[in-house]
Amino acid sequence: MMPTLIISHGHVHNPGGEPGFCVSQRGRMPTQWLIDRDRREAMTMVGCLYNLCAAAQSAAAARAMDLPLAPDCHRNIQLETLREHALVMLRDWPGVLGMAMDADSLKGLAGLSLSSLDVLEARVFAEPAERALGDIEAWLERAPSRPAEVLRRVADWPRELGQIAVADDPTFVGRVAGHASLSGIVARDGWSLYARMLARVVEVAQLMLALRVSAGNSAAMASNDASKPRCGRAADGSGWAEAARGRLVHRVACRDDRVVDYHIITPTDAMLDGAVGPDGERQQGFLSRLLESAHGQGECHGLSHGHSGGLNDGDNQARQRVAMALSCADPCLPVVWQESNETLCQEPSQALGQKTGPAGGRASCTN
């Protein structure tokens, strides 16, 4: 069974209080096909079975099984991370706000390479990424690009929305949290939805600069990201890779050169709610907390029992905020919205209704 992310919302999750979100996963990624394989055969299969962020998957697997990395592994992980970020910024962000889709902006992303960086840079920044990274809010004020237009609208949203500590955030945000371009914004606003969206802009700019540095482009400024390892082997023998959504881990046990146990731990796994505790209370995970923070308190008081449409028209902003929070986490699993008592809605927004599969219609997704 294809794993699916189940998100539901209603008073059933917070009896007597504000409507709450519940996030769980149905099904697990199939790793049984790797068991009892020669580790080199298993290595060959990994890139085929788990084809979203395949470079990161293969790198984590190679490190876990102590096998050589593929040529240009570091660069390929950077490129696929850049591609996934671009999909969120050029496709998902405008969709959340009901803006017309610019299909041309997505052309060429599937085959993103060093030679097409300039085209993507123009679509995202409308100027050199280096300049935008130097003063991200000044870039935001002047840039005519679609991501900048979206951010200008979101900049007016209340800053208390999306406030989850970076230490509790399993996404990519921790990789750029300390960047100088974000320090003033975070000090002023905390980790709001707006700040989380800007963090994606920062990593995209960093990746572009790092790729140019690694390619020997002397015109590119030195990038802190250029020398960062994108994969490695942990002390317990597991392999890790910095994938688009956060750190991906493969834990593999081998005996006599054959795989006897295989587990994949993804950033999406770390977003889920925990089990119900002995006191009967659910242990909220990162994503349910982020969605609740984005939704805001008191947004559902206009609902009545049995209301067929979920939220009334006045709650459209709450729908947009929840949709944008989901894009910030960007779980790669197909998402099913489950209706419960006084639910958020059957389809929180047109954009969320489209979140029924991984980006680009790919059939396998694990991070």
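**View 1. The charged end of Arg 247 sits over the ring of Trp 240, 3.8 Å from the ring centre.** A charge sits over a ring when NZ of Lys or CZ of Arg is within 6 Å of the ring centre and within 35 degrees of the ring normal. The model is predicted, with local features needing pLDDT of at least 70 and side-chain atom pairs counting only at pLDDT 80 or more, whereas totals for chains, interfaces and linings use all residues. Residues are numbered from 1 along each chain as its sequence is written, and side-chain values use heavy atoms, leaving out hydrogens and water.

**View 2. The axes of helix α9 (residues 180-189) and helix α10 (residues 193-214) come within 10 Å and cross at roughly 175°.** Axes are lines fitted to C-alpha atoms, for helices over the stretch in contact, with angles running from 0 to 180 degrees between N-to-C directions; helices are DSSP runs (H or I, at least four residues) numbered from the N terminus. The two helices, α9 and α10, are therefore roughly antiparallel to each other (angles over 145 degrees).

**View 3. Arg 91 lies in helix α3 (residues 73-96).** Arg 91 and Met 101, ten residues apart in sequence, are 6.9 Å apart in space, C-alpha to C-alpha.

Methods
Angles under 35 degrees count as roughly parallel, over 145 as roughly antiparallel, 65 to 115 as roughly perpendicular and the rest as oblique.
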